[in-house]
Amino acid sequence: MENGRSNNALKPMDSEQLREYGHRMVDFVADYYKTIETFPVLSQVQPGYLHNLLPESAPDHPETVEQVLDDVKAKILPGVTHWQSPSFFAYFPINGSIAGFLGEMLSAGLNTMSFSWVASPAATELEIVVVDWVAKLLNLPEQFLSKGNGGGVIQGSACEAILVVMIAARDKVLRSVGKKALEKLVVYSSDQTHSSLQKACQLAGIHLENCRVLKTDSSTNYALRPESLQEAVSKDLEAGLIPFFLCGTVGTTSSTAVDPLAALGKIAKSNEMWFHIDAAYAGSACICPEYRQYIHGVETADSFDMNAHKWLLTNFECSLLWVKDQSALTEALSTNPEYLKNKASQANLVVDYKDWQIPLGRRFRSLKLWMVLRLYGAENLKSYIRNHIKLAKIFEQLVSKDPNFEVVTPRIFSLVCFRIAAVDNDEKKCNNLNRSLLDAVNSSGKLLFSHTILSEKFVLRFAIGAPLTEEKHVKEAWKVIQEEASFLLSK
């Protein structure tokens, strides 16, 4: 001991210490998964709980790994909502897997900063390869592959993806009509489009009064009607505005609605609009031939995005964006400071992914996707997705058999939208009842699911997609929901 400090204190990097503590950390995570069902799915803590448990300032001297892990158990885990629990049915899933974990571990170990090809050639080239692999699994048009003018890139999220393509589309049109026309640019989407589109508009400088949010209803299962789009576009053209961006969705957040891509793409093309497809959740399912139909019309799009971290066993974050014209991105997002110049980039021999995204820095994300694709293989990934859809069918059937409940929208993938049915058309009472049911079930800690609003109805969302979920978890969840509903209905 010297000045109260151990000679065995953790070093910045030491191979043997890394081996020792790495084993301990893997054991800790493995034990977490082994016991994950013992935790309440939804954290039961109150806001600000952690401030009372941790010191006001960082320690002056090193503590042990054991002390830190003890605090993780006692203080951190109680404040964690367990997204990997087999009884997690809220929002949409974020998938973790052994292969994804190993890829994350390797990426953290190599710890590269892969903003340009020269900064880490393997990081750039592996990304090109694996994103092409997934494009081929989805049977995307060749224009989206790297061998031509298009290509793919791994973003942090679908929100980042929609922002970069909107900026690309904005700059492309402004180069043609002049920068002063910014106030005339119009964006189109449905009222079911993810809220990230609005944020992208704000960040890209699009006037919010020029964001056309087109109404959907149950007659199309909440998909965007091409007639609504055409009417809005024609009206804006007559007013001297410039339609420039359309976002279609495959698998909306509220109900997994699928927009009619081919028809929307035809309208976009005839009006020279950039057509982006957000398939963040449901895109993964489209590697299965029987679900590929839901991205029919993708050939009309300028860009397409899906999140491998949602439903393709790739740990967060890993959002795949493809564009037909990579120059649209690079012309809008490129910077070329002297301190980053190099021969390969200057000669246009390589891809520099810093020019395909908002930040400069980027992680070696492709490693985990590469490991997932290699260690599981395409056929196992398809089976994995099909199993979740099968479980959703089982849940849908359980709901349909109970006269107290109703399925609100047709199930397409692994999300079931349902509710306690209204009695005597009293929608206000029905909404309150379903809100109470959601709160009661979630506060039990036995499972977690979420809600949305469709046509002013409070609708319950049951999304199946956690890697550990089995049929028994689905049936146990339904039993809890039924019991809580029976109690509420008996009042």
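What we have is a predicted model, in which local features need pLDDT of at least 70 and side-chain atom pairs count only at pLDDT 80 or more, while totals for chains, interfaces and linings use all residues. Residues are numbered from 1 along each chain as its sequence is written, and side-chain values use heavy atoms, with hydrogens and water left out.

Let me begin with strand S9, residues 415–420, where 6 of 6 residues are buried, buried meaning under 20% relative accessible area, exposed over 50% and partly exposed in between, with a 1.4 Å probe and protein chains only. Helices (H or I, at least four residues) and strands (E, at least two) are DSSP runs numbered from the N terminus, and two strands pair if DSSP finds at least two bridges between them. S9 pairs with strand S8, residues 405–407, in the antiparallel sense over 3 bridges, and here glutamate 406 stands opposite arginine 419 of S9. Strand S11, residues 457–463, also runs antiparallel to S9, joined by 4 bridges, with phenylalanine 418 opposite leucine 460.

Turning to helix H12, residues 366–401, we find lysine 382, which counts as buried because its relative accessibility is 12%. Leaving aside residues up to four places away in sequence, lysine 382 touches Ile287, Cys288 and Pro289, contact meaning heavy atoms within 4.5 Å.

Finally, the peptide bond from phenylalanine 316 to glutamate 317 is cis, with omega near 5 degrees.
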